Amino acid sequence: RWQPETMGHLREFILDSGHDYRKLRPASDTHLISSQEDRHSLAITEDAQLALGFYTAGIEKTGLKNLLPDTRYEFQWWDVEVGGWSAAINVLSDRKGILNWPTIPDPERNWAYRVRSQS
């Protein structure tokens, strides 16, 4: 039987009050430049205002596509080992709706992240 406490810090990430996870839909195939053989996952709202993703250590840096074009987004990494958000980084999607990831804090570790539109 599944128990919520087994999620550890990922539970805090999903249930964070800064976003509503209930509006998210799977989007690895539609909004990731590369899911890297499904080792990267993403969920996004229908209006592309919010996305939550998970980066697996060792995969190549990627980005998001099919976002709102020329839109400022706030990008934050979530430390899955100890919990807590990194400082927010403002990034801009290009005219095609592509948003490149900022630098990964430590590419040898797993990270979750949140992307929120600032418009």
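Visitor: Which residue stands opposite Y73?

Guide: That residue is V91, which belongs to β6. Please keep in mind that the model is predicted.

Visitor: How many bridges pair β5 and β6, and in what sense?

Guide: Four bridges pair β5 with β6, in the antiparallel sense.

Visitor: And what is the strand order of the open sheet?

Guide: The open sheet has six strands in the order β1-β2-β3-β8-β5-β6, and the pairing is antiparallel. At its edges stand β1 (24–26) and β6; each has a single partner strand, so one side of each is left without a neighbour in the sheet. On average, neighbouring strands of this sheet are turned by 25 degrees against each other, direction ignored.

Visitor: Let us start from the β1 side. How many bridges pair β1 and β2?

Guide: Three bridges pair β1 and β2, in the antiparallel sense. Within β2, I44 stands opposite R25.

Visitor: And how is β2 joined to β3?

Guide: β2 and β3 (residues 50–55) run antiparallel and are joined by four bridges.

Visitor: Why is β2 described as largely enclosed by the rest of the structure?

Guide: Strand β2 covers residues 41–45, and four of its five residues are buried, so the rest of the structure largely encloses it.

Visitor: Is A48 buried or exposed?

Guide: A48 is buried, with a relative accessible area of 8%.

Visitor: What about D70, then: what is its phi?

Guide: D70 is not a glycine either, yet its phi is positive, at about 50 degrees. It is found in the loop between β4 (63–64) and β5. With a relative accessibility of 54%, D70 counts as exposed.

Visitor: Where is L92, and which residues is it in contact with, leaving aside neighbours within four places in sequence?

Guide: L92 has its place in strand β6. With those neighbours left aside, L92 is in contact with D70, T71, R72 and I98. The C-alpha atoms of L92 and I59 are separated by 23 Å, and these two residues are 33 residues apart along the chain.

Visitor: A change of topic: how many aromatic pairs does the structure hold?

Guide: The structure holds eleven aromatic pairs. One of them is formed by F13 and W85; this pair is tilted, with 5.6 Å centre to centre and 50 degrees between the planes.

Visitor: Where do F13 and W85 lie in the chain?

Guide: F13 is in helix α1 (residues 9–14), while W85 is in the loop between β5 (72–79) and β6 (89–92). The two are 72 residues apart, and their pair links distant parts of the chain.

Visitor: How accessible are those two residues?

Guide: F13 is buried, with a relative accessible area of 3%. W85 counts as partly exposed, at 24% relative accessibility.

Visitor: What sort of aromatic pair do W77 and W111 form?

Guide: W77 and W111 form an edge-to-face pair, 6.4 Å centre to centre and with 70 degrees between the planes. W77 lies in strand β5 and W111 in strand β8 (residues 111–117), so their pair ties together parts that are 34 residues apart in sequence. Both count as buried: W77 has a relative accessibility of 1%, and W111 has 6%.

Visitor: Which residues do ring pairs link into a cluster?

Guide: The cluster links Y55, F75, W77, W101, W111 and Y113.

Visitor: Back to W85: which residue lies over its face?

Guide: R114 lies over the face of W85, at 3.8 Å from the ring centre.

Visitor: What does the side chain of Q76 reach?

Guide: The side chain of Q76 reaches the backbone oxygen of S86 at 3.2 Å. It also makes a polar contact with the side chain of R116 (3.5 Å). Leaving aside neighbours within four places in sequence, the residues in contact with Q76 include W85 and R114.

Technical notes: Residues numbered from 1 in each chain as written. Predicted model: local features only at pLDDT ≥ 70, side-chain atom pairs only at ≥ 80, totals over all residues. Heavy atoms only, no water. Phe/Tyr/Trp six-rings, centres within 6.5 Å; stacked < 30°, edge-to-face > 60°. Buried < 20%, exposed > 50% of the residue type's maximum accessible area, 1.4 Å probe, protein only. Lys NZ or Arg CZ within 6 Å of the ring centre and 35° of its normal. Pairing = 2+ DSSP bridges. Axes fitted to C-alpha atoms, helices over the stretch in contact; angles between N-to-C directions. Polar contact = N/O pair within 3.5 Å; in protein donor to acceptor, adjacent residues only side chain to side chain. Contact = heavy atoms within 4.5 Å.
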